[in-house]
Amino acid sequence: MITKAYAALTAKDPLAPFQFERREVRPNDVQVEIMYCGVCHSDIHQVRDEWGESIYPMVPGHEIVGRVIKTGKDVKKFKAGDIAGVGVMIDSCRKCKNCRQQMEQYCVEDMTGTYNGMERDGVTIAQGGYSSQIVTDERYVYHISSRLDLKAVAPLLCAGITTYSPLRYAGVTKGMKVGVVGLGGLGHMGVKFAVSFGAEVTLISTSPSKQKDAERLGAHKFLLSTDEKQMKGSDSYFDVVLNTISANHDYEKYLNLLDLNGKMLVVGLPAEDPRTRPFALIKNRRSITGSMIGGTKETQEMLDYCAEKNIVADIELIPIGQINEAYERMIRNDVRYRFVIDMSTL
Ligand code: NAP
Ligand code: ZN
Ligand code: ZN
């Protein structure tokens with residue numbers, strides 16, 4: 001099926017209009033007409049080949065919300081007309097111990113990403129959500145409550161689950177002291193979730209101008225990470241620090257903020273490797289825990305939680321023609337707090 005899209009043809013080119021073919025609907029597939037697609041910093045990392053091994057042509061986008069227009073004959077979860085979401089993962093082996101626990105993002109044979117990789121047939125390049133439609137096995141498609149503002153739901157499919165999952169895993173609850181580092185797409189969702197779990201939340205930011213927004217999002221305190229005195233004053237204070245930084249930085253600076261048994265939850269993926277001295281780790285028996293998006297079960301749980309608590313992203317809606325400018329603005333740290341593409345402009 002001919003599908004309109006925007007794609008990068010090389011790491012140096014801006015994104016431009018593109019066409020490709022999606023497969024016909026198989027028995028377990030859902031065909032979704034895409035209404036909105038969020039713009040994640042991972043899109044920029046991959047379009048510009050900052051992590052290496054990028055595959056072109058690349059249609060990015062893994063924060064997808066749309067309407068089901070067709071279902072395969074064996075599909076059980078969806079019917080035409082349903083509002084549905086697709087996130088960062090569209091397949092996995094489905095057999096390994098992690099897949100069987102519905103933690104398919106940790107599939108021992110590696111999950112299949114929504115774009116910038118091969119599908120499991122080994123020949124088709126997976127293409128993402130900056131496109132008119134997507135065809136995916138129903139296992140990796142989620143129900144979305146139509147009570148929520150759908151354009152602001154799109155970022156939940158990556159920024160939402162990527163912050164919800166580690167905060168849950170760390171057992172964040174009432175009374176815990178949580179620092180969220182970086183107020184971008186991920187960070188602002190991290191603040192909202194940690195606040196909703198009852199924690200005392202501090203935004204740790206390089207941008208003094210974000211203090212007011214942090215308060216509006218529910219953060220209780222603000223720490224300017226470029227102010228050494230302020231950072232020293234919060235030494236060994238936090239139980240959990242959620243690190244969403246997209247650019248190169250020192251882990252040590254943020255590890256020093258952790259109290260006894262404190263955990264730094266790493267979700268940010270800068271192109272260069274951050275550094276730390278082991279001394280910053282052994283003090284207070286600190287640990288660093290990585291986390292990748294969330295599995296299918298937890299993603300649906302997060303979406304249902306957001307529907308119940310009325311949690312969505314703060315977004316700026318853009319036409320697809322502004323995508324290259326949006327990337328530049330994200331790199332300049334000029335997004336409040338997620339760009340979402342109105343796919344009807346394609
Ligand atoms: P984003 O919207 O661009 O936000 C990144 C934030 O990092 C900025 O708003 C800024 O916050 C802070 N920052 C930027 N440069 C910094 C620096 N040099 N030092 C300290 N802080 C800096 O990006 P995003 O979409 O939230 O993504 C964040 C990272 O998570 C990316 O690397 C992305 O690839 C990764 N990611 C990982 C997963 C996963 O599964 N683990 C999933 C999605 C994304 P302040 O202005 O507040 O300082
Ligand atoms: Zn993402
Ligand atoms: Zn597996």
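Visitor: What makes the side chain of Lys210 a polar contact of ligand 1?

Guide: The model is a predicted one. In it, an N or O atom in the side chain of Lys210 is 2.7 Å from an oxygen atom of ligand 1. A polar contact requires a pair of N or O atoms within 3.5 Å, so the pair formed by Lys210 and ligand 1 qualifies.

Visitor: Which backbone atoms lie at 2.7 Å and 2.8 Å from an oxygen atom of ligand 1?

Guide: An N or O atom of the Leu183 backbone lies 2.7 Å from a ligand 1 oxygen, and one of the Leu186 backbone lies 2.8 Å from a ligand 1 oxygen. Around ligand 1 there are 29 residues, of which Ser205, Thr206, Ser207, Lys210 and Arg338 come nearest.

Visitor: What makes the arrangement around the zinc ion (ligand 3) tetrahedral?

Guide: The zinc ion (ligand 3) is coordinated by the SG atoms of Cys93, Cys96, Cys99 and Cys107, at 2.3 to 2.4 Å. These four donor atoms subtend angles of 103 to 120 degrees. The definition asks that all angles lie between 85 and 135 degrees; the arrangement is therefore tetrahedral. The ideal angle for four tetrahedral donors is 109.5 degrees.

Visitor: Why can Cys93 and Cys107 be said to tie together parts of the chain?

Guide: The donors of the zinc ion (ligand 3) have the spacing C-x2-C-x2-C-x7-C. Cys93 belongs to the loop between strand 6 and helix 2, and Cys107 to the loop between helix 2 and strand 7, so the pair joins parts that are 14 residues apart in sequence.

Visitor: How do you know whether Cys93 and Cys107 are buried or exposed?

Guide: Buried means under 20% relative accessible area. Cys93 has 11%, and is therefore buried; Cys107, at 4%, counts as buried as well.

Visitor: Which residues coordinate the zinc ion (ligand 2)?

Guide: Cys40 (SG), His62 (NE2) and Cys158 (SG) do so, at 2.0 to 2.3 Å. Their spacing along the chain is C-x21-H-x95-C. Cys40 is in the loop between strand 3 and helix 1, and Cys158 in the loop between helix 3 and helix 4, 118 residues apart. Both Cys40 and Cys158 are buried.

Visitor: How do you know that strand 11 and strand 12 pair?

Guide: Pairing requires at least two bridges. Strand 11 and strand 12 have four, in the parallel sense, and so they pair. Ile204 has Leu223 of strand 12 as its bridge partner. With helix 6, strand 11 and strand 12 make a right-handed β-α-β unit.

How values were computed
Residues are numbered from 1 along each chain as its sequence is written. Chains are lettered from A and ligands numbered from 1 in the order in which they are written. This is a predicted model: local features need pLDDT of at least 70, side-chain atom pairs count only at pLDDT 80 or more; totals for chains, interfaces and linings use all residues. Side-chain values use heavy atoms; hydrogens and water are left out. Donors are N, O and S atoms within 2.8 Å of the metal (3.2 Å for Na, K and Ca); water is not among the atoms, so sites may look incomplete. Four donors count as tetrahedral if all angles lie between 85 and 135 degrees; four count as square planar and six as octahedral if opposite donors are over 155 degrees apart and all others between 65 and 115; anything else is irregular. Helices (H or I, at least four residues) and strands (E, at least two) are DSSP runs, numbered from the N terminus. Buried means under 20% relative accessible area, exposed over 50%, partly exposed in between (1.4 Å probe, protein chains only). A crossover is right-handed if, with the strands pointing away from the viewer, the path from the first strand over the helix to the second runs clockwise. A residue is near a molecule or strand if one of its heavy atoms lies within 4 Å of it. A polar contact is a pair of N or O atoms within 3.5 Å; within protein, one must be able to donate a hydrogen and the other to accept it, and residues adjacent in sequence count only if both atoms are side-chain atoms.
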